[in-house]
Amino acid sequence: MADQQDELRALLKDSGEPTWERAIAKAREMVDRLDNITLNIAVTGETGAGKSSFVNAIRGLQDTDEGAAPTGVTETTMEPTMYPHPTMPNVNLWDLPGVGSPTFKAETYMKDVKYQNYDFFIIVSASRFKYNDMMLAKEVEKNNKKFYFVHTKTDFDVAQEEKKGVTEEATLQKIRNQCAENLRTLGPSPVFLITSENPKRFDFLELVENLERDLPDHKRDALVMSLPVYSKEFLDRKYLIFQGVVWPAILISYGTVV
């Protein structure tokens with residue numbers, strides 16, 4: 001019994017509240033808020049850019065895993081398709097059809113995919129960002145939504161250039177310069193170079209950090225908890241959030257004892 005009282009006192013201290021009643025009320029509010037957070041991430045771009053593979057990578061899945069988004073050399077996404085996170089069903093990745101396809105023209109794309117349903121957009125390209133990508137970015141911005149440019153299949157680019165004797169660093173800089181030149185009409189627009197085959201390489205972590213920074217606090221936690229662990233630093237961030245979630249759950253379970 002003494003051990004239980006010690007644990008309860010520690011939980012009350014963690015809550016930052018002066019009384020059990022206020023601590024339990026705060027715990028219930030926090031748990032309810034976390035349970036009701038919904039984060040909708042839209043992944044779009046031109047056909048064949050690797051959107052579906054990116055959706056799988058950010059969910060911690062391989063393309064061949066059960067529940068993975070279908071991938072292929074031709075367009076496999078014919079309508080906006082939701083893929084819930086395997087362990088956090090309130091975090092949804094939306095694999096959108098390729099912009100500029102006969103069914104989804106750039107001029108009406110935002111309306112056709114119901115842009116208002118998403119928290120932010122990730123615009124994916126495997127080569128140069130083209131006119132449709134820039135038009136889409138402008139439309140996203142016009143509708144007060146955030147967007148991020150992602151250059152995929154960077155590992156392939158590096159491997160091809162290494163055959164010519166070009167270093168990885170030189171290839172990455174070349175891609176960054178090309179993207180900056182290509183997107184100059186949009187102003188400063190950072191581009192994240194990634195490979196869905198190995199999210200630990202290149203700019204994947206930097207992309208995640210930017211998503212975290214730009215999201216409201218409650219949705220930021222949902223994002224961090226939904227992503228695979230890519231580094232010790234990222235594991236530490238998950239652990240801190242986990243600690244913040246655990247005390248309310250335990251305190252609620254003790255609510256009838258206090």
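Author: Six aromatic pairs occur in the structure, where rings of Phe, Tyr and Trp (its six-membered ring) pair if their centres lie within 6.5 Å, planes under 30 degrees apart counting as stacked, over 60 as edge-to-face and the rest as tilted. One of them joins phenylalanine 54 to phenylalanine 204 in a tilted arrangement, with 6.0 Å from centre to centre and 45 degrees between the planes. This pair links distant parts of the chain, since phenylalanine 54 belongs to helix H3 (residues 51–58) and phenylalanine 204 to helix H8 (residues 204–214), 150 residues apart. Helices (H or I, at least four residues) and strands (E, at least two) are DSSP runs, numbered from the N terminus. Both phenylalanine 54 and phenylalanine 204 are buried; buried means under 20% relative accessible area, exposed over 50%, and partly exposed in between (1.4 Å probe, protein chains only).

The model is a predicted one, in which local features need pLDDT of at least 70 and side-chain atom pairs count only at pLDDT 80 or more, while totals for chains, interfaces and linings use all residues. Residues are numbered from 1 along each chain as its sequence is written, and side-chain values use heavy atoms, with hydrogens and water left out.

Phenylalanine 120 forms an edge-to-face pair with tyrosine 148, at 5.7 Å centre to centre and 85 degrees between the planes. Here too distant parts of the chain are linked: phenylalanine 120 lies in strand S4 (residues 120–125) and tyrosine 148 in strand S5 (residues 146–151), 28 residues apart. Phenylalanine 120 and tyrosine 148 are both buried. A further ring cluster consists of Trp94, Tyr118 and Phe121, linked by ring pairs.

Strand S4 is largely enclosed by the rest of the structure, because six of its six residues are buried. On one side of S4 point Phe120, Ile122 and Val124, and on the other Phe121, Ile123 and Ser125, all of them buried. S4 has parallel partners, two strands being paired if DSSP finds at least two bridges between them. Strand S1 (residues 39–45) pairs with S4 in the parallel sense over five bridges, and alanine 42 has phenylalanine 121 as its bridge partner in S4. S5 also pairs with S4 in the parallel sense, over six bridges; in S5, phenylalanine 149 is the bridge partner of isoleucine 123. Together, S4, H5 and S5 make a right-handed β-α-β unit, a crossover being right-handed if, with the strands pointing away from the viewer, the path from the first strand over the helix to the second runs clockwise.

Beyond S5, in the loop between S5 and helix H6 (154–162), lies threonine 152. Threonine 152 counts as buried because its relative accessibility is 2%. Apart from neighbours within four places in sequence, threonine 152 is in contact (heavy atoms within 4.5 Å) with Ala49, Val124, Ser125, Ala126, Asp157 and Ile194.

Side chains of opposite charge can pair when their charged atoms come close. The structure holds five salt bridges, a salt bridge being a side-chain nitrogen of Lys or Arg within 4 Å of a carboxyl oxygen of Asp or Glu. Glutamate 139 and lysine 142 form one of them, at 3.0 Å from N to O. Both lie in helix H5 (residues 131–142), three residues apart, which is about one turn of the helix. Glutamate 139 counts as partly exposed because its relative accessibility is 21%, whereas lysine 142, with a relative accessible area of 58%, is exposed.

Another salt bridge joins arginine 201 and glutamate 168, whose closest N and O atoms are 3.1 Å apart. The two belong to distant parts of the chain: arginine 201 to the loop between strand S6 (191–193) and H8, and glutamate 168 to helix H7 (residues 168–182), 33 residues apart. Arginine 201 is partly exposed, at a relative accessible area of 29%, and glutamate 168 is likewise partly exposed, at 29%.

To place these details in the whole, the protein has ten helices and six strands. Of its 258 residues, 43% count as buried.
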